[in-house]
Amino acid sequence: TFSTRAEVAWTPVDASSTDATSYSLLFRRKGSDGGWTEVRIDDLSVSTYQLDDLTRNTTYEVAIRLEYVDGKYGPPSTSFLFTTNNLKTLERDDQTLFIIIGCICG
């Protein structure tokens, strides 16, 4: 059985200068008619998350947004595409808050 995962990283916000309480990491298969899968991360000092049990050779879309003390969300970042495969790559998009550190298949 193959296990495919991707580690997502982003630049953390300065918790002392925002009323944000958590991150909302969103991901889905590219072209999916379904909604986003959401992962809530309550610690603003966290800057990485590992997505597990992804499908091999599949393109995913990922974005991140902040949740604020009033329960409202900020706008999501521009979504970023990555494809699971046997390459271990570093891809960066400075226009958003996150990078894909690598996809690990095996």
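Thr 58 sits in the loop between β4 and β5. Keep in mind that the model is predicted.

**Exercise 1.** Work out whether Thr 58 is buried or exposed.

*Solution.* Start with the cut-off: buried means under 20% relative accessible area. Thr 58 has 13% relative accessibility, so it counts as buried.

**Exercise 2.** Find what surrounds Thr 58 and which backbone oxygens its side chain reaches.

*Solution.* Step one: skip residues up to four places away in sequence, and Thr 58 touches Arg 29, Phe 82, Thr 83 and Thr 84. The backbone oxygen of Arg 56 is reached at 3.0 Å, and that of Thr 55 lies 3.3 Å from a polar atom of the Thr 58 side chain.

**Exercise 3.** Describe the largest nonpolar core and say which elements build it.

*Solution.* First, the size: this core has 18 residues. Among those with the most contacts inside it are Leu 25, Leu 51, Val 62 and Phe 82. Next, the elements: β1, β2, β3, β4, β5 and β6 each give two or more residues to the core. Now zoom in on Leu 25. Beyond its neighbours within four places in sequence, its contacts include Val 8, Val 39, Ile 41, Leu 51 and Val 62.

Conventions:
Residues are numbered from 1 along each chain as its sequence is written. This is a predicted model: local features need pLDDT of at least 70, side-chain atom pairs count only at pLDDT 80 or more; totals for chains, interfaces and linings use all residues. Side-chain values use heavy atoms; hydrogens and water are left out. A nonpolar core is a set of buried Ala, Val, Leu, Ile, Met, Phe, Trp, Tyr and Cys residues joined through side-chain atoms within 4.5 Å. Buried means under 20% relative accessible area, exposed over 50%, partly exposed in between (1.4 Å probe, protein chains only). Helices (H or I, at least four residues) and strands (E, at least two) are DSSP runs, numbered from the N terminus. Contact means heavy atoms within 4.5 Å. A polar contact is a pair of N or O atoms within 3.5 Å; within protein, one must be able to donate a hydrogen and the other to accept it, and residues adjacent in sequence count only if both atoms are side-chain atoms.
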